[in-house]
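Me: Hey, I'm new to this one. Can you walk me through it while I look?

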Amino acid sequence: MTAPVRLRVRVDGIVQGVGFRPFVYTVATERGISGFVGNDAAGVFLEIEGGTEALAGFLADLRGRAPVLAQVDRIDTERLAPTGEAGFRIVASTHGTGRAALISPDTTTCAECLAELRNPWDRRFGYPFVNCVNCGPRFTIVTDVPYDRAATTMAAFEMCLDCAAEYADPTDRRFHAEPVCCPSCGPTVSYAERDGRPEPGDPIGRAVRRLREGAVLAVKGLGGYHLAVVADCEPAVATLRRRKQREEKPFAVLVADLAAARGLVEVPAAAVPVLAGTARPVVLLPAGPVP
Ligand SMILES: [Zn+2]
Ligand SMILES: [Zn+2]
């Protein structure tokens, strides 16, 4: 083996809140590289030490194998004297003055989290705030950079032992996922009528019942409120139009999946990756034949 080399590395781009540190940890461990990684106000900083080939492979991986939500804009390296350090660590974030770190937008719940949401044996069964390092809220909850739980609106929710164990486990997809939570430690859903007082009972069940009765619901989601009605309930849509003073402009229609969308509108091939992607934007599509 060649003599060890030590590098200081800076990575800029969307590299916080996207599982970048756990990713770096995994790749460094795979390649037998020692050193550390952390977040600061501008991005991610690392020091890495190992053979030249291992380091070159590692630097290529930083771009080539980056997590799905990451966007690597720039990698800078600087040679340091080797220290003989053993093992690889995720270190505490440092603060500093230039707040330049980019934060990922909120992204839609990933397939693995949806599977947990629907699994009656999972402890997050039916829990609407399920998230992991590959999905969930980011921009909406961040209050400062570097992006750590303490700099998010989740700081008020102390992790339970189960969540803390996932957060600390490098093999878990919630390793360093800052908004990690569950029904025992995270935010909860409530249902209120006009007086604003939360009512007892199943809040989702009540909301569904009221929608079916033709009510207009304000649903507080990530980043704001959605006003919701059952889309094919004409009196409810008319009430919403009157209240919004929106006579003609179409409303966005929420559907469960692509198959449901195809029952209502034409879905050209180019629209599929957009509709099914991590951003899940509102997409304008040609109306289908009227049934
Ligand atoms: Zn997820
Ligand atoms: Zn928990």
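Predicted model: local features only at pLDDT ≥ 70, side-chain atom pairs only at ≥ 80, totals over all residues.

Me: Where is Glu178 found?
Reply: Glu178 sits in the loop between helix 4 and helix 5; helices here are DSSP runs (H or I, at least four residues), strands are E runs of at least two, and both are numbered from the N terminus. Residues are numbered from 1 along each chain as its sequence is written, chains are lettered from A and ligands numbered from 1 in the order in which they are written, and side-chain values use heavy atoms, with hydrogens and water left out.

Me: Is Glu178 buried or exposed?
Reply: Glu178 counts as buried because its relative accessibility is 2%. Buried means under 20% relative accessible area, exposed means over 50%, and partly exposed is in between (1.4 Å probe, protein chains only).

Me: Which residues is Glu178 in contact with?
Reply: Leaving aside neighbours within four places in sequence, Glu178 is in contact with Arg21, Tyr147, Asp148, Arg149 and Tyr167. Contact means heavy atoms within 4.5 Å. The side chains of Glu178 and Arg21 also meet in a salt bridge (2.9 Å, N to O). That takes a side-chain nitrogen of Lys or Arg within 4 Å of a carboxyl oxygen of Asp or Glu.

Me: Where in the chain are those two partners?
Reply: Glu178 is in the loop between helix 4 and helix 5 and Arg21 is in helix 1, 157 residues apart, so the pair links distant parts of the chain.

Me: Ok, and what about Arg21 and Asp148?
Reply: Their side chains meet in a salt bridge too, at 3.5 Å, N to O. Arg21 is buried because its relative accessible area is 7%, and Asp148 is buried at 19%.

Me: How many salt bridges does the structure hold?
Reply: There are 23 salt bridges. Arg6, Arg8, Glu47, Glu49, Glu78, Glu85 and Arg89 are linked in a network of them. Within it, Arg89 pairs with Glu85, with the closest N and O atoms 3.0 Å apart. Arg89 counts as partly exposed because its relative accessibility is 43%, whereas Glu85 is buried at 19%.

Me: Switching to metals. What coordinates the zinc ion (ligand 2)?
Reply: Cys160, Cys163, Cys182 and Cys185 do, each through SG, at 2.3 to 2.4 Å. Donors are N, O and S atoms within 2.8 Å of the metal (3.2 Å for Na, K and Ca), and sites may look incomplete because water is not among the atoms. The site of the zinc ion (ligand 2) is tetrahedral, with angles of 102 to 117° among its four donor atoms; for four donors, that label needs all angles between 85 and 135 degrees.

Me: And the zinc ion (ligand 1), which residues hold that?
Reply: Cys110, Cys113, Cys132 and Cys135, again through SG, at 2.3 to 2.4 Å. The donor residues of the zinc ion (ligand 1) are spaced C-x2-C-x18-C-x2-C in sequence.

Me: Last topic: which residues touch the most other members of the largest nonpolar core?
Reply: Val11, Phe20, Val24, Leu46, Ile48, Phe58 and Leu62, out of 24 residues. A nonpolar core is a set of buried Ala, Val, Leu, Ile, Met, Phe, Trp, Tyr and Cys residues joined through side-chain atoms within 4.5 Å. Strand 1 gives the largest share of this core, six residues.

How values were computed: Tetrahedral: all angles 85-135°; square planar, octahedral: opposite > 155°, others 65-115°.
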